Amino acid sequence: MAVLDYLIFSLRNLSHHKLRSFLTLLGVIIGIMAVVSMISIGSGMKASLKEQLEQLGSDKVFILPRMAYGTAAVTLSDDDADAVARVPGVAFVSPLYSVAGDVAYRNERKIVKIYGVDPEKAEATFGAGASGYQLLKGRWLQRGDVYKAVIGYGVHDDVFSRDINVGSVLRIHGVEFQVVGVFKKTGDREKDYTIYANLDAVREIFGVGDRVTLIIARVDKGADIEEVRQRIERLLEDRKGSKENFFVMTQKEIIERVGEAYRVVQVVFGGLAAVSLIVGAVGIANTMVMNVTERTREIGVLKATGASNAQVLRIFLTDAAILGVAGGAAGIALGYLISLSINMAAARYLGEGMLTTAVTPELVVFALGFSLIIGVVAGIYPAYRAVRLDPVEALRG
Amino acid sequence: MIEEVNYAFRNMAEAKLRTVLTVLGIVIGIAIVVAMLAIGEGMRVSITEQLDALGGDKIIVTPPQAFALRGAPTEFKPFTSADLRAVKNLPSVKDVLPMFYRPGTIEYRGKSREIYVMGVESRGVDYFRQFYSLREGRFFTDRELRSVDLGYRVAEKFFDERVRVGERVKINQRSFEVVGVLEEIGNPEDDSSVYMTLKAAQDLYDAGDEITMLWVIAENEAAVRTLAKKIENTLEKRRGGRDFEVLTTEQLAEQVSTVVTIVTFVLGGIAGISILVGGVIIMNTMLTSVLERTREIGVLKATGASNAQVLRIFLVESALIGAVGGVLGLLLGTGLSRAIEVAGQVYIGSSFITIVDVELVTGALVFSVLVGMVSGIYPAYRAAKLDPIEALRYE
Amino acid sequence: MVIKLENVVKVYRLGKVRVHALRGISLEIPRGEYVSIMGPSGSGKSTLMNLIGALDRPTGGRVYIDGVDISRLTDDRLAVLRRKKVGFVFQQFNLIGKLSALENVALPMWFAGVSRSARVHRAKQLLEMVGLGNRLHHKPAELSGGERQRVAIARALANDPEIILADEPTGNLDTSSGMAVIQLLEKLNHMGKTLVVVTHDPEFGRRARMRVKLRDGLIRGIDRNGGT
């Protein structure tokens with residue numbers, strides 16, 4: 001019998017007990033749906049993170065101290081930034097000081113993240129290229145801006161109960177700053193909920209002298225970024241001591257690190273979901289056992305009319321395989337819908353682009369293949385039992 | 001009820017493989033959920049126990065925690081001795097213990113590892129005696145600027161050889177003498193820290209009189225809440241803003257509890273999907289059973305069973321499947337969580353425990369019976385509604 | 001009259017076709033009577049049996065069992081009536097294979113709410129009465145056809161019903177087992193039970209005191225007397 005014959009025969013068998021077949025399918029569908037959703041959410045998180053991180057730009061090296069609880073393992077300062085600027089291959093550096101500060105607007109006070117940036121370097125570092133910062137209103141910081149600030153979209157419309165616009169006045173730890181620009185929404189919570197102000201002004205308010213929490217080094221066009229990174233790392237090792245106390249990273253390394261964290265989430269969630277798939281397989285096996293019992297006489301007839309053991313085996317395995325694959329396909333479709341709706345919900349609550357989900361072709365192939373295997377494995381023992389029936393006994397029912 | 005149960009067992013025994021597979025579905029689902037919930041409960045209890053051990057008379061003043069995670073590292077404007085004095089002068093304050101906390105590196109026999117440096121005055125050891133007990137050696141005194149106590153992991157696990165008392169290590173390039181090794185505290189952070197007196201730590205980082213956090217010990221537990229408020233106000237005025245957090249141990253415990261509960265729910269929820277599938281399997285099996293026993297149902301009705309009695313017979317059977325699955329699943333799940341506990345303690349520390357408490361046990365059992373019943377309702381309904389004459393005619 | 005039918009009509013649907021099984025039957029059966037119902041296949045014998053046994057309700061007309069009009073009873077009330085008043089014996093025995101003889105006989109008592117010990121006691125007595133006292137724990141598969149039918153008869157007696165209904169009770173038995181079953185049923189009739197037997201075996205049917213002849217859903221005739 002050709003494969004097609006088996007398939008048609010199986011479909012007829014399965015449609016003989018529509019409800020039973022449907023319920024069996026349901027088990028597989030739920031399992032695959034869960035697995036697909038989990039994995040695609042994880043992939044999506046990784047992908048959107050990757051997207052955001054890519055906006056950092058591939059021409060930059062990031063130097064930062066290892067931190068815990070808002071305290072740093074080593075202190076970086078303007079001197080260190082200057083030293084990095086002198087490293088061959090570095091076009092210029094932009095030092096940053098970021099701090100969590102008490103910000104007041106009208107009558108409200110909240111704790112908001114503040115990036116102190118060098119106004120002259122700011123636009124060149126952040127605005128140029130695809131760093132993701134675009135102005136919605138107003139302008140960038142400029143040379144000479146001391147008590148001026150540019151705010152992220154989230155600060156503009158979400159942090160305080162009233163919108164903050166160009167011209168509004170904020171008080172950072174009591175010191176007045178005038179807002180001169182508002183950034184467009186980037187979808188990155190990090191960027192949107194930050195206030196950008198003059199580096200020196202911020203440092204003075206917080207009394208930290210010439211301390212720096214992040215140095216962004218822009219690399220010369222045409223220079224080998226990895227080489228430059230290593231040079232910077234060696235330089236800082238000389239100046240600061242152990243390598244473990246600070247990080248010198250390119251965008252690639254940042255992406256890798258963050259990706260690792262999400263991989264753990266994916267594995268845990270995917271693993272849990274996979275358990276339901278295993279139960280779905282148990283369901284297929286169960287149904288197949290029930291089918292075999294019911295079709296005892298039929299099996300006798302099959303054998304009496306000349307079917308070999310292998311052929312009977314194939315008949316039952318095909319039943320099981322179809323259940324697996326059909327369940328898998330439907331499960332993938334539903335899993336896709338679920339991840340779409342999670343995507344939409346996330347866009348509403350967490351900000352666009354924060355969480356996209358990825359039902360990639362690989363995932364589909366993997367899921368289908370997996371459900372086919374599940375079906376076949378689940379069906380093996382029952383099929384084997386079918387084959388072992390003695391035709392005479394079987395005919396007697 | 002006993003009759004129905006007896007009858008149900010007979011029926012289950014009739015088709016053994018089918019029964020095994022059907023029960024298996026529930027067993028797997030319940031086992032996983034039980035394991036997840038046990039992990040969650042263990043986490044919650046472990047942390048709240050540790051916090052309880054601290055005592056309800058303590059308040060912690062720390063950098064804001066929400067900014068710990070992403071993006072550019074965010075600094076925190078540290079506390080100063082002046083801040084400390086201001087807090088100390090508040091009423092109902094018995095003592096204020098400053099702490100200095102920074103990431104750092106330790107070097108021993110040529111290898112460097114990442115650690116945390118904790119600087120605290122030696123009287124801190126008395127206050128936190130439940131946590132900090134010695135394995136070897138002694139605690140540093142406040143006069144020793146080059147003495148350090150090592151956390152359990154630092155001494156035992158970070159290097160190929162154990163670091164022993166009396167040996168020297170380099171912390172952030174500076175040489176220190178190891179005067180003691182601590183007993184395992186249970187969480188990886190504390191066990192990967194080194195402890196020295198406050199001044200030594202501040203010196204090491206050239207940090208003047210910077211203080212990372214303050215532990216305020218109140219005179220009694222009742223005063224704690226109002227004291228916390230006062231501390232908040234005082235420091236806010238001094239710092240020009242509320243860029244820090246003040247938490248009583250009670251509040252700390254609550255925060256932790258909430259987070260853990262959410263995580264547990266999520267994990268348990270995903271695991272719970274498999275129970276759903278298990279229920280579908282039960283429904284499927286019962287439907288087939290009803291179909292196969294059509295004649296039998298006719299006989300039951302002919303010999304006087306009412307519709308309700310037939311319904312009960314089948315409902316009890318599916319509930320029983322759920323119950324058996326629940327018991328076995330509970331056993332399996334308990335074993336699973338034990339295994340996870342053992343593995344977790346190797347990787348994380350002795351504070352990682354899993355707890356299968358009475359509530360979880362009863363919950364799992366009740367739930368599995370419920371799943372059985374709910375899954376069996378429709379098939380039982382079909383059985384009850386069978387026309388006895390048609391049923392008797394069924395071949 | 002323990003059983004009374006007034007102009008009973010029964011129509012049921014077989015796929016798309018409506019079958020008029022009974023077209024207007026009026027019948028009165030006195031308490032303690034021995035009745036046989038005979039007729040060719042399709043005459044409505046089994047349908048009539050099901051109505052008398054309160055397994056079904058008439059489409060038209062009325063059926064009274066021991067004075068109660070069954071056409072107005074709910075399913076549950078019908079079950080209670082059936083339980084109390086009627087004991088069935090079927091051609092295919094219809095025992096439950098996974099239960100022992102004792103448990104099969106106890107079945108109707110379980111539904112009637114009788115306590116376990118009482119059930120077991122009485123079931124034992126009944127089985128002894130039908131001569132199967134040494135087969136209490138055997139499953140139907142371990143019994144011969146005749147023995148199975150005797151278990152079925154014992155079961156029919158479980159709740160001490162007024163009426164025993166036997167639908168082709170000897171149909172699946174050989175001559176000698178069949179004879180034993182007939183004699184057993186007649187013994188019950190002597191003890192006071194109303195016995196209604198459906199059969200297509202004229203020898204058997206002739207033994208009844210009241211012989212109802214059915215054809216095409218109508219009573220062709222009723223003979224009385226004669227028989228044992």
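Let me start in chain C, where V86(C) stands opposite I163(C), a residue of β7(C); please keep in mind throughout that this is a predicted model. Four bridges join β6(C) to β7(C), the strand covering residues 163-167, and these two strands run parallel. They belong to an open sheet of six strands in chain C, which follow one another in the order β6-β7-β8-β3-β9-β10 with mixed pairing. At the edges of this sheet lie β6 (86-89) and β10 (218-224) of chain C, each of which pairs on one side only, and from one strand to the next the twist averages 15 degrees.

The crossing in which α9(B) passes α12(B) is right-handed. Among the residues that meet here are I275(B), G278(B) and G279(B) from α9(B), and V371(B), G372(B) and Y378(B) from α12(B). By class, the residues of this contact between α9(B) and α12(B) comprise 11 nonpolar, five polar and one charged.

Finally, there is the contact between chains A and B, in which 56 residues of chain A touch 51 residues of chain B. Several elements of chain A give two or more residues to this side, including α2 (18-54), β5 (90-105) and α9 (251-294), and the largest share, 16 residues, comes from α9(A). The side of chain A that touches chain B has 30 nonpolar, 19 polar and seven charged residues.

Definitions and conventions
Residues are numbered from 1 along each chain as its sequence is written. Chains are lettered from A and ligands numbered from 1 in the order in which they are written. This is a predicted model: local features need pLDDT of at least 70, side-chain atom pairs count only at pLDDT 80 or more; totals for chains, interfaces and linings use all residues. Two residues are in contact if their C-beta atoms, placed from the backbone, lie within 7 Å. Ala, Val, Leu, Ile, Met, Phe, Trp, Tyr, Cys and Pro count as nonpolar, Asp, Glu, Lys and Arg as charged, and the others, Gly among them, as polar. Two strands pair if DSSP finds at least two bridges between them. Axes are lines fitted to C-alpha atoms, for helices over the stretch in contact, and angles run from 0 to 180 degrees between N-to-C directions. A crossing is left-handed if the near helix is turned anticlockwise from the far one by less than a right angle, and right-handed if clockwise.
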